[in-house]
Amino acid sequence: MNCVIFGAPGSGKGTQAAALCEAFQMVHVSTGDMLREAVRNGTELGKKAQALMADGKLVPDELVGGIVREKILNLVGQGKGILFDGYPRNLDQAKFLDACLTEAGSQIDAVAVLDLDPAVLVKRICGRRLCTKPGCTGAFNIHFMPSKQEGVCDLCGSPLQQRKDDNEETLKERLAVYNSQSLPSLEYYDQKDLLIRVNADDKVESVRAALLGGIRAKCGCNKGCCA
Ligand code: AP5
Ligand code: MG
């Protein structure tokens, strides 16, 4: 099964991804994570993406599309399902995603949308702290999910840091981009009857339960992927 988890910056896409991947045997593909890794490694892609990401703007479709297509061909070729997080972010990307999956002999089965009032996003985004150790998944929030020791990862003991785009000013731009470019692309999936809408302004566990139930219902449990 292949799913998209869709929502505003800070809506909880990354937080919910691990449980969904475990439940439905999908691999988490986050374009934001891939781009941040490219920036860290100083690749050509990273150099082109860095300033745009810091400003909260979208990286050009052809750059992101290239890494997404490669991932799809590789993972679907190995018989794996994919959870797309942060992709697509506009209508052209949604169509490109379908084209890549068709090329690989697969398709999107469900698009889960995390709905919430943007007012709650400031604390979520500005309070987020991430582990600095490459490969560590430690993710905390000083308001909602504090680490045991301030500034230190519970999982590996490395220092925590904020993302460069996690500030109020950049969040405004990220939200504007989401509203003007990303949200309208949902119409494309609505027409295909793939949408699941979940209230994301709730406890992490409640959002997770709603997502799991919604995806199971949408998939219909008739493909052996979500029994
Ligand atoms: P990306 O990394 O995808 O960022 P985003 O979409 O802005 O989303 P976030 O990762 O900030 O939020 P999230 O929904 O994952 O929330 P999280 O679970 O961490 O993209 C970054 C940039 O890369 C883009 O701006 C763009 O420049 C570029 N880019 C990426 N993809 C692209 C594409 N396809 N095309 C072009 N450019 C692209 O949660 C946030 C915080 O809230 C955490 O601290 C968490 O602990 C807390 N939290 C989560 N759920 C709850 C809850 N239920 N209750 C309380 N706190 C909660
Ligand atoms: Mg994320």
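Predicted model: local features only at pLDDT ≥ 70, side-chain atom pairs only at ≥ 80, totals over all residues.
1. Two strands are taken as paired here if DSSP finds at least two bridges between them.

2. In general terms, the strands of a sheet pair through backbone hydrogen bonds, in either the parallel or the antiparallel sense.

3. The two pairings may be described separately. Strand β5, residues 128-131, is joined to strand β6, residues 139-141, by three bridges in the antiparallel sense. Within this pairing, R128 has N141 of β6 as its bridge partner. Strand β7, residues 160-161, runs antiparallel to β5 and is connected to β5 by two bridges. Here C131 is the residue that stands opposite L160 of β7.

4. The protein chain is divided into two domains: domain 1 comprises 2-127 together with 169-219, while domain 2 comprises 132-161. Their C-alpha centres are 23 Å apart. Contact between the domains involves five residues of domain 1 and six residues of domain 2.

5. The interface can also be stated as an area. The size of an interface is often expressed as the accessible area lost when the parts come together. Between them, domain 1 and domain 2 bury about 450 Å², of which 66% lies on carbon and sulfur atoms. On the side of domain 1, the residues that lose the most area to domain 2 are K123, R124 and G127, which together account for 75% of what that side buries.

6. Which polar interactions are counted between domain 1 and domain 2? Two residue pairs are in polar contact, both at pLDDT 80 or more. Zero salt bridges are found by the rule across the interface of domain 1 and domain 2.

7. Helix α2 spans residues 31-41, and its buried residues are T31, G32, M34, L35, R36 and A38. An α-helix has 3.6 residues a turn, so residues three or four places apart point the same way. The buried residues of α2 are covered by elements that include strands β2 (26-30) and β3 (81-85) as well as helices α3 (44-54) and α4 (61-77).

8. Just after α2, G42 adopts a positive phi of about 65 degrees.

Definitions and conventions:
Residues numbered from 1 in each chain as written. Chains lettered and ligands numbered in written order. Heavy atoms only, no water. Buried < 20%, exposed > 50% of the residue type's maximum accessible area, 1.4 Å probe, protein only. Helix = DSSP H or I, 4+ residues; strand = E, 2+ residues; numbered from the N terminus. Contact = heavy atoms within 4.5 Å. Domains from an automatic or database assignment. Buried area = accessible area lost by both parts, 1.4 Å probe. Salt bridge = Lys/Arg side-chain N within 4 Å of Asp/Glu carboxyl O. Polar contact = N/O pair within 3.5 Å; in protein donor to acceptor, adjacent residues only side chain to side chain.
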